[in-house]
Amino acid sequence: MENSSSEKGEMIEHPLLLDDSETQKGGFRTLLFILGSTGLMNAATSALTPNMILYLMNEYHMDMTTGSNILYIWSAVTNIAPILGAFMADSFVGRFQMIGLGSVVTLVGMFLFWLTSVIPQARPPPMCAIKSSSLAFGSDQLKREAYQGNACAMESYFSWYYAVYALSVLVSLTCLVYIQVNMGWALGFGAPVLLMLFSTLLIYLGTPFYVKLKPKTSLITGLFQVIVASYRNRCLRLLSQSADIQYHQKKGSATVLPSEKLRFLNKACIVQDPQLDFSPDGEATDPWRLCTVDQVEELKALFKVVPIWLTGAVMSINISQNSFPVLQANNHGSTYWFKL
């Protein structure tokens, strides 16, 4: 994966060297805008969830079951939407454009939701699909030659990203929730709107300094190509690596042969006829029949993570019961023994 990343880095750096002004973009100065925007956005969106069940029951007169189901659907959509956002960012729109669009849409949605505390006819909560792009967009800023091979720079960025993320959740679940409980819904939901406004402004203030990579073939598309190609080539006889088999290699990649694990996927990168399988520029004429060894190995790596994902899904079932403790605390009685 390091070699693959370095290749992408070379593809990125090559056009940047054509313009001296472009070489000055990126770096740690851009991370201040990205981390600041991410922290404000996360604090704003996290503040909506804790007391939402009380808001739906008291203001919309919903019963507990209906309100909980709405929150579960909302949670599911907000967790799936970043996947679609990442696919659009990598393949069509670009990461910066997707972050900007997601910020504006989230801001408008939160503003409309805030209006429900004043105008009951306003629509319910927004969804956010920018988290998946903001983390990767920050790593793009550290792909210049000055940072290539500097693992500490990337590690520092990820450490600060998750530190800001955790701090924003802490502030959201204490200060902003306290405002909702003690100062009313209008002010309690208005504060996250202001935070989201500052987050949107902050991400756009750094526009002149960002490295903006052009969209390319998405990783998700490449994974589906491997599945389709391995199925279409299912009749090929799969021999051991020592046999005289030619595999399609990505230019500049150090991965020469596919691994022996999940060998049925190796059929996706077997070259049957070089004259028919390759175009004059060396690329596959049909990427849905012939994939690179790197694509095959990326799909295998994804399959290895699936058991961990499934384990996390079981844990999330318990963690996602946000409304249950709130309802228990709310039904405790009119006397609250704990004060912030």
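Which residue forms a salt bridge with Asp-140, and how far apart are the closest N and O atoms? I began with this pair and found that the partner is Arg-95, with the closest N and O atoms 2.6 Å apart. I then noted where the two residues sit: Asp-140 belongs to helix 7 (residues 131-140) and Arg-95 to helix 6, so that the pair links distant parts of the chain, 45 residues apart. I looked up the accessibility of each partner. Asp-140 has a relative accessibility of 3% and counts as buried. Arg-95, at 19%, counts as buried too, because the limit for that class is under 20% relative accessible area.

**Entry: the model and its confidence**

I record that the model is predicted. I looked up the mean pLDDT of the protein chain, which is 79, and found that 81% of the residues score at least 70. By helix, I found the lowest confidence in helix 1 (residues 2-16), with a mean of 42, and the highest in helix 9 (residues 185-205), at 90. I marked two stretches where pLDDT stays under 50. Over residues 1-18, the model has 21 contacts beyond four places in sequence. Over residues 334-338, it has 3 such contacts.

**Entry: overall architecture**

I noted that the chain has 340 residues, of which 39% are buried. I then turned to the contacts with a separation of 6 or more, and found that residues 24 or more positions apart account for 77% of them. For the surface, I noted an accessible area of about 19500 Å², with 66% of that area belonging to carbon and sulfur atoms.

**Entry: annotated spans**

I consulted the UniProt record, an unreviewed entry, which annotates residues 31-57, 69-89, 95-115, 160-179 and 185-206 as "transmembrane region". I checked two of these spans against the model. Residues 69-89 are 100% helix and 0% strand, and their end C-alpha atoms lie 30 Å apart. Residues 185-206 are 95% helix and 0% strand, with end C-alpha atoms 33 Å apart.

**Entry: the other salt bridges examined**

How many salt bridges does the structure hold? I found 4. As a general point, side chains of opposite charge can pair when their charged atoms come close.

I next examined Arg-263, which forms a salt bridge with Glu-260, the closest N and O atoms being 2.8 Å apart. Arg-263 is partly exposed at 29% relative accessibility, and Glu-260 is likewise partly exposed, with a relative accessible area of 39%.

I then examined Glu-297 and Lys-300, whose side chains meet in a salt bridge at 3.4 Å, N to O. Both residues lie in helix 12 (residues 293-319), and because they are 3 residues apart there, about one helical turn separates them.

**Entry: a nonpolar patch**

Which residues make the nonpolar surface patch of about 400 Å²? I listed Val-104, Val-108, Phe-111, Leu-112 and Tyr-204. I found that helix 6 (residues 95-115) gives the most to the patch, with 4 residues. I looked at Phe-111 in more detail. Phe-111 is placed in helix 6, and this residue is partly exposed, with a relative accessible area of 38%. I note that helix 6 also holds Arg-95, the partner of Asp-140.

I located Ser-230 in helix 10 (residues 219-232). Is Ser-230 buried or exposed? Ser-230 counts as buried, at 11% relative accessibility. Which residues is Ser-230 in contact with, leaving aside its neighbours within four places in sequence? I found Phe-264, Leu-265 and Ala-268. I also checked the distance from Ser-230 to Val-296: the two residues are 66 residues apart in sequence, and their C-alpha atoms are 9.4 Å apart in space.

How values were computed
Residues numbered from 1 in each chain as written. Predicted model: local features only at pLDDT ≥ 70, side-chain atom pairs only at ≥ 80, totals over all residues. Heavy atoms only, no water. Patch = residues over 30% accessible without salt bridge, like charges linked within 9 Å, V, L, I, M, F, W, Y side chains within 5 Å. Areas by Shrake-Rupley, 256 points an atom, 1.4 Å probe, with all protein chains shown as cover. Buried < 20%, exposed > 50% of the residue type's maximum accessible area, 1.4 Å probe, protein only. Contact = heavy atoms within 4.5 Å. pLDDT = per-residue confidence, 0-100. UniProt positions renumbered as here; feature names shortened; annotations may be inferred.
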